[in-house]
Amino acid sequence: MNVFTQKLEALTQAGLKRALPNISHEGKWIIADKRRMLNFSSNDYLGLAADQRLQREFLQKMLENEPLVNPLTSSSSRLLTGNFPIYQELEQLIANRFSREAALLFNSGYHANIGILPALADKNTLVLADKLVHASLIDGIRLAGVSFYRYQHNNLEHLTQLLTKYATQFERIIIVTESIFSMDGDIAPLAELVALKKVFSNQCQVMLYVDEAHAIGAYGEQGLGMAEVFDCIAEIDFLVGTFGKALASVGAYLVCDQLIKDYLINSMRPLIFSTALPPLNVAWTAFLFQQLPELQAKRTHLAYLSDRLKQAVQQKNDYPLQTQSCIIPFVVGENEQAVQKAKYLQQQGFYCLPIRPPTVPKGMARIRLSLTADLAEDELNQLIACL
């Protein structure tokens, strides 16, 4: 038997085989198997992805330009002929909003996380990463080929122990975390991480890398994420975020010092050797990013829905919830249980999906309930009644 066939059969037996879903979209609804279901599995946290008013306004604005100044392809890397003015305009907009020197765009959050650390880290660098950081960050650390340890999730005592042990052995230590973790919805103690960075900076250069993929747009008075909430934007050396979730677009960014930006332009392989994003997409991102301060009502509604669902899930679930965000895990245990629970919820009209190992630990398979601001309270109540 072919080795790939064997491995796929093993995944099937373990209840871990994945397949691309055959679905279509109608705003907050998913159509699958001739069934129309409310989407509780999206990362469209502000509900902007299907906002036709915003789409029409943007497209009308683009069509006013003759010829089209933001075409459908860049046809090149930014370092060759693909550096359209809109890229620099968006980078300046982001830098200004964050009150930092510079910002740099990437094709995706994955591109950012597999490229930044390998470009910046060397044999004199130690990376200390939260145990639950995203796979893209783990891949980036591995590609960097540097010494690294994964500290216990959000455990400042363990991180302090590692810093105490290694601060004098390396020229540079980079602490790596997410701000909102995508499986449990809990939040990193950013203020305390900044304080630790300052404590040990007299022994070596300590830098902080924070991935705000699940926070940008959805949190903060200006929608600038948990770094804004904790008032520590200026203290984070590498502040990464994506446009493909709350910002309903594509791509990613890094907020940093100008020196870091210049160095990455000269050393980061995913940036140097990738065709740049289509300028039209970048213009759409810039258009939405400009809207962020005016979307506080959506953020408030999202927070209200999140609190309601968290309370309901905690009553119906033995697993102690750590979530402080719009990501609420409903842990059921074994893989087959999660698959069957998801099927049941879909039959009731809710597009909920099972999350299984290796994405989560063995025995912790779950339904990852992800909320968006365009859900109505009565729609959420219907889901709660089916849990």
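**Reading the sheet, then the chain**

Guide: Begin with a strand pair. In this predicted model, strand β2 (residues 29-32) runs antiparallel to strand β3 (residues 35-39), and four bridges join them.

Visitor: Which residue of β3 is the bridge partner of Ile30?

Guide: Met37 is the partner.

Visitor: What is the strand order of the open sheet?

Guide: Read from one side to the other. The order is β1-β2-β3-β12, four strands with mixed pairing.

Visitor: How do I judge the overall packing?

Guide: Compare the radius of gyration with the globule rule. For 387 residues, the rule gives a value near 21 Å; the chain has 21 Å, which agrees with a compact globule. The C-alpha trace spans about 60 × 55 × 50 Å along its principal axes.

Visitor: What share of the residues is buried?

Guide: Apply the cut-off: buried means under 20% relative accessible area. By that test, 54% of the 387 residues are buried.

Visitor: And sequence separation?

Guide: Take contacts between residues at least 6 apart in sequence. Of these, 71% join residues at least 24 apart.

Visitor: What about surface and charge?

Guide: Accessible surface is about 17,900 Å², with 51% belonging to carbon and sulfur atoms. For charge, compare mean positions. Those of the 35 positive and 38 negative charges lie 7 Å apart.

How values were computed. Residues numbered from 1 in each chain as written. Predicted model: local features only at pLDDT ≥ 70, side-chain atom pairs only at ≥ 80, totals over all residues. Heavy atoms only, no water. Rg over C-alpha atoms; globule rule 2.2 N^0.38 Å. Buried < 20%, exposed > 50% of the residue type's maximum accessible area, 1.4 Å probe, protein only. Contact = heavy atoms within 4.5 Å. Areas by Shrake-Rupley, 256 points an atom, 1.4 Å probe, with all protein chains shown as cover. Lys, Arg positive; Asp, Glu negative; His and termini not counted. Charge placed at Lys NZ, Arg CZ, Asp CG, Glu CD. Pairing = 2+ DSSP bridges. Helix = DSSP H or I, 4+ residues; strand = E, 2+ residues; numbered from the N terminus.
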